[in-house]
Amino acid sequence: MIKIAPSILAADFANLERDIFRVRDADYLHVDVMDGLFVPNISIGLPVVESVRKVTAMPLDVHLMIDRPVRYVERFCKAGADIVTVHVEADSEENTRKALELIHSQGRRAGVVLKPKTPAEAALPFLERCDLVLVMTVEPGFGGQRFMEDMMPKLRQLREWIDSRKPDCELEVDGGIDPLTCKTVIANGANVLVAGSSVYKADNIPDRIRELRG
Ligand code: DX5
Ligand code: ZN
């Protein structure tokens, strides 16, 4: 089954509870954390995750776009994250491994994220320890960007490795997912689709979420 993870980056932060309720038919709630260093933007952090946790039972899929995430993963777990993903580009291999371990030790699901220029191979050292691999289909930092179709060979390669080495690992995509591009990523092996603008800009959000399932 295809899962949809609406990104609250496209929500109205002054009406966050309302906007979370609007996407209640989806599977995960995607939370984009940015530090202004790893990406050229600053979004939300720990206190917001804590508050969001109180108003929804949806699994929180926390995407950390921060430098050296190993410093913060435990705190995001304690704040209520169900899934925490860290970028492989954000620290050494050793620290990324450590971050995944810390997330697991909190009883949460852990994953790695690859930026567009990062090859599929970069996920391999971590695959056995991942519950999820996230392939960026835009440069991280901002919502509303154009989908990068040239990420599809990477997605297919990761689907192949996941199927043969870690079949219960989920394969997620993030960036530019709409009713058209959802079909492309599903055909190339993704099973979790993050969508910000295309969900929140829709006239009928439940219909849009259904449409994105392909
Ligand atoms: C970008 C974020 C995305 C973003 C996606 O750095 O990781 O989750 O919210 O937004 P759309 O769906 O508008 O491309
Ligand atoms: Zn994201």
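The model is predicted, so local features require pLDDT of at least 70 and side-chain atom pairs pLDDT 80 or more, while totals for chains, interfaces and linings use all residues. Residues are numbered from 1 along each chain as written, chains are lettered from A and ligands numbered from 1 in written order, and side-chain values use heavy atoms, without hydrogens and water.

**The zinc ion**

Select ligand 2, a zinc ion, together with His-30 (NE2), Asp-32 (OD), His-63 (ND1) and Asp-174 (OD), its protein donors at 2.0 to 2.3 Å. Donors are N, O and S atoms within 2.8 Å of the metal (3.2 Å for Na, K and Ca); water is not among the atoms, so sites may look incomplete. Along the chain, the donors follow the spacing H-x1-D-x30-H-x110-D. His-30 belongs to strand S2 (residues 29-34) and Asp-174 to strand S7 (residues 170-174), so this pair ties together parts that are 144 residues apart in sequence. Strands (E, at least two residues) and helices (H or I, at least four) are DSSP runs numbered from the N terminus.

Now display the angles at the zinc ion: its six donor atoms subtend 70 to 168°, which makes the arrangement octahedral. That term requires six donors with opposite ones over 155 degrees apart and all others between 65 and 115. Both His-30 and Asp-174 are buried (under 20% relative accessible area; exposed is over 50% and partly exposed in between, with a 1.4 Å probe and protein chains only).

**Ligand 1**

Next, select ligand 1 and the 20 residues around it, of which Asp-32, Gly-141, Asp-174, Gly-196 and Ser-197 come nearest; the criterion is a heavy atom within 4 Å. An N or O atom in the side chain of Ser-7 is 2.8 Å from an oxygen atom of the ligand. Backbone N or O atoms also approach ligand oxygen atoms, at 2.8 Å from Gly-176 and at 2.7 Å from Gly-196.

**Charges over rings**

Select Phe-21: Arg-24 lies over its face, 3.9 Å from the ring centre. At Phe-38, the charged end of Lys-115 sits over the ring, 4.8 Å from the centre. The criterion is NZ of Lys or CZ of Arg within 6 Å of the ring centre and within 35 degrees of the ring normal.

**Two further positions**

Go to Arg-68, in the loop between strand S3 (60-65) and helix H3 (73-79). Arg-68 has a positive phi of about 45° although not a glycine, and counts as partly exposed at 42% relative accessibility.

Finish at Ala-187 in helix H6 (residues 181-187), exposed with a relative accessible area of 65%.

Conventions. Tetrahedral: all angles 85-135°; square planar, octahedral: opposite > 155°, others 65-115°. Polar contact = N/O pair within 3.5 Å; in protein donor to acceptor, adjacent residues only side chain to side chain.
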